[in-house]
Amino acid sequence: QVATTPLFGTSTRRHEHDRVTVSNPWTATVTLASNYLTQFTAQPLMGLAAGTPKNNGVPIPGITDGYSGANPDMGAVIAGRSAVTYGSQSTVTPTWLASLPLLTWTELPNTSMTQVGSGLGITAYSGACLKTSGSQLLVFGGGHGDYDGNEVNSVILSANSPVSVQLRGQSANRPPNVSHYPDGRPSSRHSFGSLQFSAVNNRMISLDCLFPNNGALPTTWFNTIDGFSLDTNDWVTAGTYANGPTAFNSANSSCQDALGNIFFWSEQGSVLWRIPNGATSGANTGVAIGSGNNFDMKYDSVRNRIVVFGPNPSFIDATTLARTTFSFTGNTGVGTGSTYWSYCADRDSFLGMRYLTGSSAVFECNASTFNITSLSVAGTAPFAPNDGHSSYFGRFGYAPELKGFYFLPQGDRNISFFRTG
């Protein structure tokens, strides 16, 4: 080739830095479908195995910084750097947040669930989920002998004056011990940690129906999965989503990876299930993560792994599904059960609050060493219930756009918040 004047860098010829490699240079095999009409649902975030593309790239300031080895890997995933993050990285600063100091509680007036007509029981052993774009918190729960209302409430935390609203009211006829009321909408239930938001479908996903509305223990367990659409502010048709793994399906905890795949734990069988991003059915991953119902699992976006808190702590690579056990250090009792966590990108750690303690104390778990310490948060600490409403699940969590943590103690209390970045 004839040399040309370089525009970027020093290269004067096309393909000068190209490398011929094997068909599959990665640490795991990428297997495509049999034809282009079949959707590819695997997770392609993986590093390079030893070979031509490994450590054969060119250092680019601000792009490949932090790489390991003699040179950076070629491609998007570079060993030594944080995992690739997809989606909006924007931040929002509403007026109520603008002057709030770091690690200081503030209460947001007019954000309780009871002020829009919900009963206190909407938060009994029930959670919430966050639509990260717009920082919209969605609340759905109740169930058992606590509450029969199946309404869906919302608070847009990014608003200058957040206020709770009801997106969909209660079904008129609410018989006990059913997965769906006569109008086809899901019955109230202990939502536990089963709520996730699917951005690609613009839906809140409810992953279980354990303890539906009933004054006593249910006579039937249900494994239905349902979706609430923010496009229509109503539930999609029952049966749109395939049922969960078993008739005793308690999605005690769930999380999403960077690609939007939903992972959840089935109490029956103590295994990890996965629903691919945007899909309406899931499957058993074959990863056993231990038994018990007082544990949590959350996604570490820097290391692309799911960390399981509880009596059998471990972390699971979200791509390869390889499971590694570990032990907590420091305040180990906080890590081994009855604490609900959320990953904090600002501090590269997990922050958690405990269940059934009547305390608003916040704990911090180092995402690399798993050492657990207390985190001092100033300001007026929020009310902390000492009953079933303290099953915080998604009611304590990280809002990326706001760079901080929201906390809804129970249905008749306002949301509190503190900044972390």
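Let's start with the open sheet: 4 strands in the order β14-β15-β16-β17, with antiparallel pairing. Strands here are DSSP E runs of at least two residues, helices are H or I runs of at least four, and both are numbered from the N terminus. Two strands pair if DSSP finds at least two bridges between them. At the edges stand β14 (296-300) and β17, each with a single partner strand, so one side of each has no neighbour in the sheet. On average, neighbouring strands of this sheet are turned by 20° against each other, direction ignored. For that angle, axes are lines fitted to C-alpha atoms, for helices over the stretch in contact, and angles run from 0 to 180 degrees between N-to-C directions.

A quick word on the source: this is a predicted model, so local features need pLDDT of at least 70 and side-chain atom pairs count only at pLDDT 80 or more, while totals for chains, interfaces and linings use all residues. Residues are numbered from 1 along each chain as its sequence is written, and side-chain values use heavy atoms, with hydrogens and water left out.

Back to the sheet. Strand β15 (residues 305-309) runs antiparallel to β16, and 4 bridges join them. Arg305 stands opposite Asp317 in β16. The charged end of Arg305 also sits over the ring of Phe315, 4.1 Å from its centre. That label requires NZ of Lys or CZ of Arg within 6 Å of the ring centre and within 35 degrees of the ring normal. Arg413 does likewise with Phe383, its charged end 3.8 Å from the ring centre.

How many aromatic pairs does a search of the whole structure find? There are 23. Rings of Phe, Tyr and Trp (its six-membered ring) pair if their centres lie within 6.5 Å; planes under 30 degrees apart are stacked, over 60 edge-to-face, and the rest tilted.

Take Trp96 and Phe417: the ring centres are 5.1 Å apart and the planes at 85°, so this pair is edge-to-face. It links distant parts of the chain, with Trp96 in helix α1 (residues 95-98) and Phe417 in strand β25 (residues 415-419), 321 residues apart. Trp96 is buried, at 15% relative accessible area, and Phe417 is buried at 0%. Buried means under 20%, exposed over 50%, and partly exposed in between, using a 1.4 Å probe and protein chains only.

Now Phe315 and Phe326: with centres 6.2 Å apart and planes at 25°, the pair is stacked. Phe315 lies in strand β16 (residues 314-317), and Phe326 in the loop between β17 (323-325) and β18 (329-330), 11 residues apart. Both Phe315 and Phe326 are buried. They also belong to a cluster linked by ring pairs, with Phe309, Phe328, Trp341, Tyr343, Phe350 and Phe370.

On to the cysteines. The structure holds 0 disulfides, where a disulfide is a pair of cysteine sulfur atoms within 2.5 Å. Cys209 is buried, with 0% relative accessible area. Cys365 is in no disulfide either, as the nearest cysteine sulfur, in Cys344, is 12 Å away. Cys365 also counts as buried, at 0% relative accessibility.

Ser198 is buried, at 6% relative accessible area. Leaving aside residues up to four places away in sequence, Ser198 touches Arg203, Ile205, Gln256 and Gly278, where contact means heavy atoms within 4.5 Å.
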